[in-house]
Every structure is written in C-alpha cells, then in structure tokens.
Amino acid sequence: MYWEKELEILDRKSLERLQVERLNRTLLQAVNAPGYRRIPKIAALARSGISSIEQLRELPFTTKSDLRDNFPWGFLAADKRDVVRLHSSSGTTGNPTVVYHNRHDLASWAKLMARSMFAAGVRDSDVFQNICGYGLFTGGLGFQYGAEKLGCLSIPAGAGNSLRQIKLMRDFGTSVAHAIPSYLGRLFEVFKDEGLDPRRDTQLRTLIIGAEPHTEEHRQRIEEMFGVKAYNSFGLTEMNGPGVAFECTEQNGLHIWEDAFAVEIIDPESLQPVADGEIGELVMTTLDRQAMPVIRYRTRDLTRFLPGDCQCGRSHRRIDRISGRSDDMFIVKGCNVFPMQVEGILMKLPEVGDDYRIILDTIADQDEMIVEVEVKREWFTGDLAFLDRLQRHITRLIRDEVLVRPVVSLVEPGSIPKAEGKAIRVFDRRKN
Ligand code: ADP
Ligand code: ZN
C-alpha cells in the first residue's frame, strides 16, 4: 500500500535517471541565486549539465555558515513575488537559517509528508493531533499540510498545555499524534496525575516522534507508556522540514525520499564518501525545490545507510536513526562523548524517569561530567540505601560506555528545567 506508488517503488535505475534529470533542473534554478551564481563550478555544471548522479561529487558543499553569511536573500533563487512562505530553523546550534518556498515547493513538501505518514500506516480515517509548535518551526505547518493532503481529520493543537492536549485527544478520539519525544514523558505524567491511562482512556494507536535525537530505548519507553507504535520522523528546515526520511510500518530504519533529495554520507574529516554501511555525516541536495535549491548541504547529522531491501517494497534507501550531530559531541577528560550514549544507558533503567541533562563543569581545576537524572516518583522515596546503590550502578554503566567517570546526581521527577522547544541535553560551564 503506497501513497505515490510509481515513485515509491521506482526501480533504482529509473530513480537515478530521475535524480539526474531533476538535479540538472535544480542547478539551472540555483544559479539564479547570487550565493550560487558566483561559484564557478556550479555555474559551469549548470551550463553543461550532468549525465550521472556521481557527478554530484564535483559540486561544492553548502554549509550552515554559507546560508547564514548570505542572510537574508543570498540563496533565494526565485523572484520574491513568487515566494509564498518562509520558515526558519529552531536555532538549536546558533543563529537560525531561513528557507523560502513558492507554491510548487509547498505542494511538493505536502506530498512528501502525506507519503511519509501513509508509510507509517496513517490513513484518511485517522484523527491526527499535531502536538508541536506552529509558526516558523517546520513541524507545525509541515505536518498540518501533509495530514490534510492525506485526508485525516487534523487537530492543529500546537505545543504545550498538556491538559488541553489530553482533552482534545479524548473529545475527538485522536488515533495518531505527532510530538517531539522529550515532551511525551511529560504528557504521560499529566495523564497519570489526572488518574488517566493513555492505553485505556484514549484511542491513540500511533505516535510520530522526531525533530530531536532519541534512542531506540527511548522509543520503546514511549511505545509502552502510550500503548502505541511510535515511528521515527526525520527532517531539517534546510530540506523543507519533516518529510525527509520516515519509518514505514516495518520500523527498521527511515526511508529517505530519493526522488526529492540526493543523499550522500561522507566522512566529516576527509569529506569523502564513507564505505557502505559506515556512519558519517549526511549530505543532502534538494531535487524538487524551486525558490531555494540547496546543493550538497552538510547537515552535521550522523547516520549510515542500512543494508538490504525493505519488506514494504519501497525502493528508497533507509538510513539508521540519527546518532547525534557532529557538533553534539563533547570531549571531557580526553574522551569523546555523544549525549545519546548516555541516554541509551539511562532509558534502559526502569527506575529512571524521562528527563536527564549533562553538565560539564570545572570543579577544583578538574573538568567533570555531571549527569543529573530524574528518578521516577515511585522509586524516589526515603530509601537512601536504594538511591545510593542506584547512583553507583548508573555511574558504573556510564563509565563503562564512555570511559569517563561521571558525577551522577539523582533528582526528583520534574525538577530538571524544561526547554520550551527541543530538549537541551548538554550544558557546558567549563572555564576554558
Ligand atoms: P535546528 O537545527 O535549529 O534544530 P531544525 O528545526 O531544522 O533546526 O531541526 C533539524 C535538526 O533536528 C536535524 O538536523 C537533526 O539534527 C534534528 N532532528 C530532526 N529529526 C530528527 C530525528 N528523527 N532524530 C534525530 N534528530 C532529528
Ligand atoms: Zn519500508
């Protein structure tokens, strides 16, 4: 069952042919933007055209700082009159970047979203509640237009206000909801406070989770809490937003839509493609965007291609869940650490609640990694011997994984301050 069958199961040869054709169109469009026109290699290949997708590698990369340096209009490739919307990234790692869309671009994005949601089993009979910020953040309108295209009854609930979210879910029989994973633990706590159980007291059967890194362990927790299947949705503003890569009902990695994006995975040091199946930085080129084509964008997201074909029959390759951003990694006491390594350990422990944060600090001239961990209410009791054992257990597990001995601090549920949007996991307060 497919949404756009001919494109979703297109054989690899035809898919590549389509990519070449679309890349040539993209290059011709891109040189309308001052930011690309002045790059000789792009101008030359736009003129001569390319004949194989491998030639993509002859083009220069585009980085986040290129986009920022040319703020606000330098990468606009269309007449301003034709542009109908702009979005900007959340700015998780610095100044946000801006992306422009014309009508074609928005229609193309909505189709990708409908296709993605359909692949995760969403149908026009579903009631879809979009629990995320509307406005510049792409998760709001991105899912909204996709759900409407698919034909769901959509509830543009917006972010926060958990009591209202729960009421909407119950009043209208929400069967599918989209939210960022770090919010769902909080929502579940509110269900409990109200004496409700989402498994019993709602009709939810599917959650779509994305927009921030999370581990398989975190996904499983969410599935258990809500009694649903939770599908991973990946995207970034520079490539529209959501609808870039999505899990199908096989839940075995994310199909990345190769008719709309040319996809590479490179070694961030050598900038060469990694060997098949190795982890590297995802690099993406838009193939169906007019107002603002982006060529070989270095996403800084780390992932790998998964081997083999998917049972669902879609021919678009699958990527593994994002293990982090290359700039998420921090170095403490000479060891490289990714926050997701710590999360993977914490989320496996039943006593641990849903929130944690990592604070890097200088204590008595020494760098320390402090891991604050919320403990679930039922375990956060006066039993100090138990908490002491748990604390030592977590310290050991983290040390074995990242090779640095952390200072683990167990805290009350709900005591870690929440970010307004995506969770911020690492705070670096070191002196130098
Ligand atoms: P920002 O980069 O400011 O957060 P965006 O809102 O465009 O701006 O977010 C895109 C980024 O969010 C991606 O580059 C990636 O790092 C992260 N992201 C999005 N979806 C996922 C996902 N399913 N898993 C892990 N990370 C994700
Ligand atoms: Zn599949």
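1. Conventions. The model is predicted, so local features need pLDDT of at least 70 and side-chain atom pairs count only at pLDDT 80 or more, while totals for chains, interfaces and linings use all residues. Residues are numbered from 1 along each chain as its sequence is written, chains are lettered from A and ligands numbered from 1 in the order in which they are written, and side-chain values use heavy atoms, with hydrogens and water left out.

2. Overall form. The chain has 13 helices and 20 strands; these are DSSP runs, helices being H or I of at least four residues and strands E of at least two, numbered from the N terminus. With a radius of gyration of 22 Å, close to the 22 Å that the globule rule gives for 432 residues, the chain is as compact as a globular protein of that length. That radius is taken over C-alpha atoms, and the rule is 2.2 Å times the number of residues to the power 0.38. Along the principal axes, the C-alpha atoms fill a box of roughly 75 × 55 × 40 Å.

3. Domains. Domain 1 covers 1-326 and domain 2 covers 330-428, with bounds from an automatic or database domain assignment. Their centres, taken over C-alpha atoms, are separated by 30 Å.

4. Extent of the interface. Contact (heavy atoms within 4.5 Å) involves 20 residues of domain 1 and 20 residues of domain 2. The buried area is about 1600 Å², with 53% from carbon and sulfur atoms; it is the accessible area (1.4 Å probe) that two parts lose on being put together, summed over both. In domain 1, Arg186, Glu217 and Arg221 lose the most area to domain 2, together 35% of what that side buries.

5. Two salt bridges are counted between the domains, each a side-chain nitrogen of Lys or Arg within 4 Å of a carboxyl oxygen of Asp or Glu. Lys348 forms a salt bridge with Glu217, with 3.9 Å between the closest N and O atoms.

6. Salt bridges in total. The count comes to 31 salt bridges. Lys64 and Glu238 form a salt bridge at 2.9 Å, N to O. Lys64 lies in helix H5 (residues 64-69) and Glu238 in the loop between strand S7 (229-236) and strand S8 (241-247), so the pair ties together parts that are 174 residues apart in sequence.

7. Backbone points to check. Most residues other than glycine have a negative phi, and most peptide bonds are trans. The Phe71 to Pro72 peptide bond is cis, with omega near 0°, and Pro72 is in the loop between H5 and strand S1 (83-88). Asn161, not a glycine, has a positive phi of about 55°; Asn161 is in the loop between strand S4 (153-155) and helix H8 (162-172).
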